[in-house]
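Please examine the sequence and the three-dimensional structure shown below.

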Amino acid sequence: MGETKWWGWGAPGRRAPLGPSALEMLTALVGEPEPSPAVAVEDVRVPKAEPPPQELVRTVGAENVLTADVDRLRRAAGMSYPDLIRLRTGRIDAAPDAVVLPGDHEQVAAVLEACASEGVAVVPFGGGTSVVGGVDPARGRFGRLISLDLSRLRSVEVDRRSLTARLGPGLTGPDAERALGGAGVTLGHFPQSFEQATIGGFAATRSAGQASSGYGRFDELVTSVLLAAPAGELRTVEVPHSAAGPALRELVIGSEGAFGVITGVAVRVRPAPEARRYEAWMAPDFRFGTEIVRELAQGGSLPDVIRLSDREETRVSLAFSGAEGLARRGFDSYLRLRRRAEGCIVITGWEGDREAIARRRSLAARTLRAGGAVPLGARPGRAWYRGRFEGPYVRDELLDLSYMVETLETAHTWTRLGELYEAVRGAIRSALEAQGTPGLAFCHLSHAYRDGASLYFTFLAPRRAGEEIEQWRAVKRAASDAIVASGGTITHHHAVGRDHAPYMRAEVGDLGLETLRAVKERLDPAGIMNPGKLLG
Ligand SMILES: Cc1cc2nc3c(=O)[nH]c(=O)nc-3n(C[C@H](O)[C@H](O)[C@H](O)COP(=O)(O)OP(=O)(O)OC[C@H]3O[C@@H](n4cnc5c(N)ncnc54)[C@H](O)[C@@H]3O)c2cc1C
């Protein structure tokens, strides 16, 4: 990935303007759009910096210590709605003092040693796509803070025979797939943030890609890790499985930079798929759709990608897909004839060799039909596949039009998924209404398992200019409280960061939190690693 927008997603010139049907829907259901572009970068005041310790310059070279305002600004925030509001409005109240770019594991270790002895906080920075405040430049008790940018750690080593690869943490999703593709293999990890997020970030946050049902979540792909911690090096053996006590690998995966820096991972890869088949279906409603996905998961016929939208998300997706005129009218009458005009869209995707796809697809199709879903064919499935990384570009357009838009996610067992869905949706709606900004709250089910699934919510409302963060916080708190009260997890894949840290006690209990804190104390005795994240 080359240069990206400093205030939003992707290459500076790349936009995704909303079509007439999307604008019409937003005007009718959320409110009139009002242009609200990002301020000019020259108008952003980045807080003054403390000079970085000379030892860091000696370790990585002066050219790898960046102190220009624009470089500090680019590592001052992640990609959540409040992050983007701070950037777009130029209200930057914290930034790293310097950006340090080590070139290998040894340099990372030396930087951490210098920071520990000088009392400098360290925020590991991968792609900066955290949506939970994971890369916030929070100083804790330290006067100085550096952003440790891992983009120079980009090694790739493929073991074609074992179907494993060793990957550097600074590779972005496309970097890694390009290199693996050259050896005829794939990781199959495609989160919506694929274009900018990194291998180290995937491991540090227990990321889940859109095809996780088929390829597995990132934590399931990792076989071993190398961690540079202030207290030393933690390396796990590169074997398929080990019964040698609790897995240290699991302590490192999901540690969000609070224990140290992941400087390498070994992962399972697969032969690149010979073919892909993506389709869409229309389920009668969310409850029936959920039952279909449960049966697919428990019957062993889950597609590699499965995604069920609720009615509101289906409506929004159709309006945003830009299907206009004749094509849209034909589509509507097809659905009316099959009594599915108000249904819930299901995306199914299979990857692999053609014969296996045909066999698996026919099994799944039987379950989908038995559950009352009607086929919409390959066209909308392929359209979803082509647009699967478009979400963040669309979000930038919505922010440009003064809308608040944010997502959050959770997971539960099949038995309690319906209750969780109603509780979170209700909490988001009530919180929006309580602030005088009613809007849309919609959801999809994805990442399905034998025992349950994850729910991914989006809310869209008119923005309260000048009070954007308070408005967002009220909705986020209501949704998080509803998740905890329903017994769901505070995060299925976005991780904890700063935003979810207050909910960790509810998630792991007092002793659980103390255990994790004890691990941090052993690996990072001075407490320099990513203050305020994961453990609060
Ligand atoms: C539009 C959008 C869509 C998204 N879609 C998905 C999705 O489909 N699935 C999903 O799982 N997530 C998704 N996310 C969340 C985010 O992309 C993931 O959390 C991703 O794994 C973070 O990777 P990153 O390289 O950007 O990490 P960063 O944002 O740079 O860092 C995330 C956290 O990990 C730490 N960290 C980063 N690198 C290292 C390292 N090498 N060692 C130790 N700590 C490190 C950071 O300090 C921080 O706490 C999405 C985000 C956005 C903005």
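By class, the shell around the ligand consists of 16 nonpolar, 18 polar and two charged residues. Here Ala, Val, Leu, Ile, Met, Phe, Trp, Tyr, Cys and Pro count as nonpolar, Asp, Glu, Lys and Arg as charged, and the others, Gly among them, as polar. This is a predicted model, in which local features need pLDDT of at least 70 and side-chain atom pairs count only at pLDDT 80 or more, whereas totals for chains, interfaces and linings use all residues. Residues are numbered from 1 along each chain as its sequence is written, and side-chain values use heavy atoms, with hydrogens and water left out.

The ligand is surrounded by 36 residues, of which P124, G126, T129, S193 and T198 are the closest; a residue is counted as near if one of its heavy atoms lies within 4 Å. An N or O atom in the side chain of T129 is 2.6 Å from an oxygen atom of the ligand. For T198, too, a side-chain N or O atom is 2.6 Å from a ligand oxygen atom. G128 instead places a backbone N or O atom 2.9 Å from an oxygen atom of the ligand. The ligand taken alone exposes 960 Å², and the protein buries 97% of that; such areas come from the Shrake-Rupley method with a 1.4 Å probe.

Two or more residues of the shell come from each of strand 3 (120–125), helix 7 (199–205), strand 10 (261–268) and helix 16 (391–400). Helices (H or I, at least four residues) and strands (E, at least two) are DSSP runs, numbered from the N terminus. Helix 7 gives the largest share of the shell, five residues.

Attention now turns to helix 15. In this helix, residues 378–386, the buried residues are G381, W384 and Y385, where buried means under 20% relative accessible area and exposed over 50% (1.4 Å probe, protein chains only). Seen down the helix axis, these buried residues fall within an arc of 100°, so they line one face of helix 15; the arc is that of the directions from the axis to the C-beta atoms. An α-helix has 3.6 residues a turn, so residues three or four places apart point the same way. On the other side of helix 15, R379 and R386 are exposed. The cover over its buried residues includes strand 12 (275–283), strand 13 (305–309), strand 14 (344–352) and strand 15 (374–377).

Finally, T458 is found in strand 18 (residues 452–462). T458 is buried, with a relative accessible area of 10%. Apart from residues up to four places away in sequence, T458 touches V405, E406, T407, L440, A441 and F442, a contact being heavy atoms within 4.5 Å.

How values were computed. Polar contact = N/O pair within 3.5 Å; in protein donor to acceptor, adjacent residues only side chain to side chain.
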